[in-house]
Amino acid sequence: MPAKTDIKAMAKQLNTIAESIRAMGPQDEYEGQLISQLVVLHEQAMEWLGKAKRTERVDFANVYLNGASKLLTRHHETLEALLKYRRKGEQRVHVEHVHVYGGGQAIVGNVSPGSGLNQKLEEGPHAKV
């Protein structure tokens, strides 16, 4: 049987994991699985990074860093899968900065195929009344 301090440490770790999962707000079972995987991957990666930091041996540090790198790669892939699932496959493009030079026109807002470009232009702040 594990020591009482081991049980307390395990309970604390499980509470931390449960709180992390709750904070990410899974909407269904599939999201719950992905979020659980994210949390465990993150916890393990941080543990391996800590081992790399604490060891005196360079060869061990390299093994720990390599393992942590692989875990963080899987974490990133799992996060991308969760975000894609939450978007329901919808693709988005986020434009940070646009230059419009003399004689050019720009549309600000959501534009979808067949949405009537001319209508959008005429409804803008400088529309003809």
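Modeller: Helices (H or I, at least four residues) and strands (E, at least two) are DSSP runs, numbered from the N terminus. This is a predicted model, in which local features need pLDDT of at least 70 and side-chain atom pairs count only at pLDDT 80 or more, while totals for chains, interfaces and linings use all residues. Residues are numbered from 1 along each chain as its sequence is written, and side-chain values use heavy atoms, with hydrogens and water left out.

Biologist: How many residues apart in sequence are the parts tied together by Arg86 and Glu31?

Modeller: A salt bridge is a side-chain nitrogen of Lys or Arg within 4 Å of a carboxyl oxygen of Asp or Glu, and the side chains of Arg86 and Glu31 meet in one at 3.1 Å, N to O. Glu31 is buried, with a relative accessible area of 3%, whereas Arg86 is partly exposed at 34%. Because Arg86 lies in helix H3 and Glu31 in helix H2, the pair ties together parts separated in sequence by 55 residues.

Biologist: In which helix do Arg74 and Glu77 both lie?

Modeller: The side chains of Arg74 and Glu77 form a salt bridge, with 3.2 Å from N to O. Arg74 is partly exposed, at 42% relative accessible area, and Glu77 is partly exposed, also with a value of 42%. The two residues are three apart, about one turn of the helix, and both lie in helix H3.

Biologist: What is the geometry of the aromatic pair of Trp48 and Tyr64?

Modeller: Rings of Phe, Tyr and Trp (its six-membered ring) pair if their centres lie within 6.5 Å; planes under 30 degrees apart count as stacked, over 60 as edge-to-face and the rest as tilted. By this rule the count comes to three aromatic pairs. For Trp48 and Tyr64, the centres are 5.8 Å apart and the planes are at 85 degrees, so the pair is edge-to-face.

Biologist: Which helices each supply at least two residues of the nonpolar patch?

Modeller: Patches are made of residues with over 30% relative accessible area and no salt bridge: like charges are joined within 9 Å, nonpolar side chains (Val, Leu, Ile, Met, Phe, Trp, Tyr) within 5 Å. Met46, Leu49, Leu65 and Leu72 form such a nonpolar patch on the surface, with about 300 Å² of accessible area together (Shrake-Rupley method, 1.4 Å probe; for residues, only the protein chains shown count as cover). Leu65 is partly exposed at 42% relative accessibility, and Leu72 is partly exposed at 32%. At least two residues each come from helix H2 (29–54) and helix H3 (58–86).

Terms used:
Buried < 20%, exposed > 50% of the residue type's maximum accessible area, 1.4 Å probe, protein only.
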